[in-house]
Amino acid sequence: MSFPGGVQPQIIILKEGTDTSQGKGQLLSNINACMAVADCVRTTLGPRGMDKLIVDSKGDVTISNDGATILRLLDIVHPAGKAIVDISRAQDAEVGDGTTSVTLLAAEFLKEIKQNIEEGVSPQTVIKGFRKASVLAINKVKEMAVTIERKDPVQFRDLLEKCAATSMSSKLIHGHKDFFKKMVVDAVLHLDQDELSEKMIGIKKIAGGGMQDSIFVDGVAFKKTFSYAGFEQQPKNFKTPKILCLNVELELKAEKDNAEVRIDAVQDYQSIVDAEWSIIYDKLEKIVATGAKIVLSRLPIGDLATQYFADRDIFCAGRVPNEDINRVVKAVGGSVQSSVNDIGAVHLGTCAVFEEKQVGSERYNLFQGCPQAKTCTLLLRGGAEQFIAEVERSLHDAIMIVRRAIKNKSVVAGGGATEMELSKYLRDYSKTVEGKQQMIIAAFAKALEVIPRQLCNNAGFDATDILNQLRQKHTQPGCQWYGVDINSESIADNFEQFVWEPALVKTNAIAAASEAACLILSVDETVKNVQSEAPGQGQGAAPMRGRGGRGRGGRR
């Protein structure tokens with residue numbers, strides 16, 4: 001069909017106001033966005049990394065050098081930048097450490113290949129090369145990794161402490177890592193060795209005191225709950241007590257304002273009032289009859305019940321948080337009861353010692369020497385709240401690393417040693433490949449050097465000089481574990497220096513970073529509906545349907 005004057009009609013597919021960007025320019029824009037995201041956390045890497053102070057929209061202040069925490073709080077809105085945030089959070093969930101490393105690697109892969117994209121190399125060619133290099137690197141890490149068997153408990157514990165210390169070396173608590181590494185390893189070894197659920201490790205933060213005042217509790221500890229007057233008359237120390245955990249309310253309920261009771265005689269009124277008292281006294285008598293000396297409940301325990309238990313030398317605590325009461329049951333045995341009827345010995349738990357202890361300005365209930373103990377609690381002390389919160393994040397990373405070391409039993413050296421060996425291996429391999437793949441694998445190899453280079457920059461060393469020394473060392477046989485030595489401003493065998501970390505940290509980081517880079521490279525167009533982001537649009541606005549959704553070319 002021909003139109004007068006040879007003019008072709010304008011065909012509009014997308015809604016008016018839609019922003020579309022495509023082609024090489026869009027791809028380069030995405031690469032620049034990812035590099036900008038990595039620059040936010042670049043200076044936090046390593047033992048001499050800096051911390052970031054972040055103030056959110058509510059005014060809450062967070063001080064951290066954990067890559068995943070920083071990127072989560074930054075609230076990044078760029079679509080490509082979010083991919084980098086996602087791999088950092090995935091690394092944190094899967095392994096617990098290496099969140100900054102995975103971000104830097106992904107951005108560096110894209111930076112090294114950026115010039116090739118500008119020169120017209122197809123992104124699909126780059127993706128193919130990256131996937132090949134990633135598989136080779138992961139297999140090389142598995143081949144290099146040293147496996148430690150669990151035959152000797154002392155040697156195995158020593159391995160776990162070294163992995164925990166390496167994780168803490170880049171954190172705020174690196175000056176106290178000798179104190180905390182023992183606490184972390186004790187905590188993980190107390191768990192069920194088949195499940196190794198980190199949820200069974202309770203961490204309580206108590207302001208005041210120094211970090212060295214932190215306490216490891218072999219069992220469960222939770223903060224003293226709200227209590228009534230009779231509470232102070234109750235005993236606060238027991239040996240081998242029976243423990244009853246309830247999901248029952250033990251207080252008198254106020255009558256509802258709109259309740260209506262019809263009676264024929266005045267005497268009947270007293271019987272109605274007495275009925276409620278008899279119900280609660282019946283419950284309390286049944287609890288006392290079980291022989292339990294400690295009564296915990298998720299629901300409130302009122303002043304009547306508190307005084308009743310105090311008169312009979314029974315300790316009680318109501319409104320115990322769900323997480324804490326679940327950990328108590330796991331530790332002392334028994335089960336949470338929803339009724340006070342038919343409670344037998346099988347439903348009660350026990351522990352060696354129960355005590356209420358003053359920790360700083362707070363009082364804590366401690367259950368120690370638990371027979372079923374597959375749980376423990378860390379009571380953290382410190383000056384400011386932000387400081388203790390960062391200590392908690394640091395210990396969480398170390399706990400995750402120790403868990404992974406127990407499950408996988410294979411370790412590699414840190415401090416950039418593994419990355420330098422992989423870089424040398426891939427650079428040598430690229431010389432055996434023909435065509436563009438040689439250039440892409442070599443770019444992947446060069447990108448791996450970002451870890452030792454950034455470690456040097458953050459410590460104030462001459463990165464060029466130290467990287468040249470490392471490249472020369474890694475060409476010699478038996479020198480595969482040489483990396484950056486922060487203490488001597490030189491290079492050293494980091495395996496001999498006990499800078500160890502689970503091999504899973506490296507394999508997961510390389511796989512996630514290369515996959516994220518491939519994802520960014522495979523996108524050549526972004527479609528953004530600006531109207532839907534404007535105020536007043538979105539949830540409140542009704543979507544256009546039928547004929548009205550044809551854009552400018554549609555019928556009005």
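Salt bridges across the chain

Reader: Which residue forms a salt bridge with Arg404?
Author: Happy to start there. In this predicted model, local features need pLDDT of at least 70, side-chain atom pairs count only at pLDDT 80 or more, and totals for chains, interfaces and linings use all residues. Residues are numbered from 1 along each chain as its sequence is written, and side-chain values use heavy atoms, with hydrogens and water left out. A salt bridge here is a side-chain nitrogen of Lys or Arg within 4 Å of a carboxyl oxygen of Asp or Glu; with closest N and O atoms 3.8 Å apart, the partner of Arg404 is Glu94.

Reader: Is Arg404 buried or exposed?
Author: The cut-offs are under 20% relative accessible area for buried, over 50% for exposed, and partly exposed in between (1.4 Å probe, protein chains only). Arg404 has 14% relative accessibility, so Arg404 counts as buried.

Reader: How many residues apart in sequence are the parts that Arg453 and Glu108 tie together?
Author: Arg453 forms a salt bridge with Glu108. Helices (H or I, at least four residues) and strands (E, at least two) are DSSP runs, numbered from the N terminus. Arg453 lies in helix 14 and Glu108 in helix 4, so the parts tied together are apart in sequence by 345 residues.

Reader: How far apart are the closest N and O atoms of Glu392 and Lys205?
Author: Glu392 is partly exposed at 23% relative accessibility, and Lys205 is partly exposed at 44%. Their salt bridge has its closest N and O atoms apart by 3.0 Å.

Reader: How many salt bridges does the structure hold?
Author: Arg157, Glu161 and Asp186 are linked in a network of them. For the structure, the number of salt bridges is 22.
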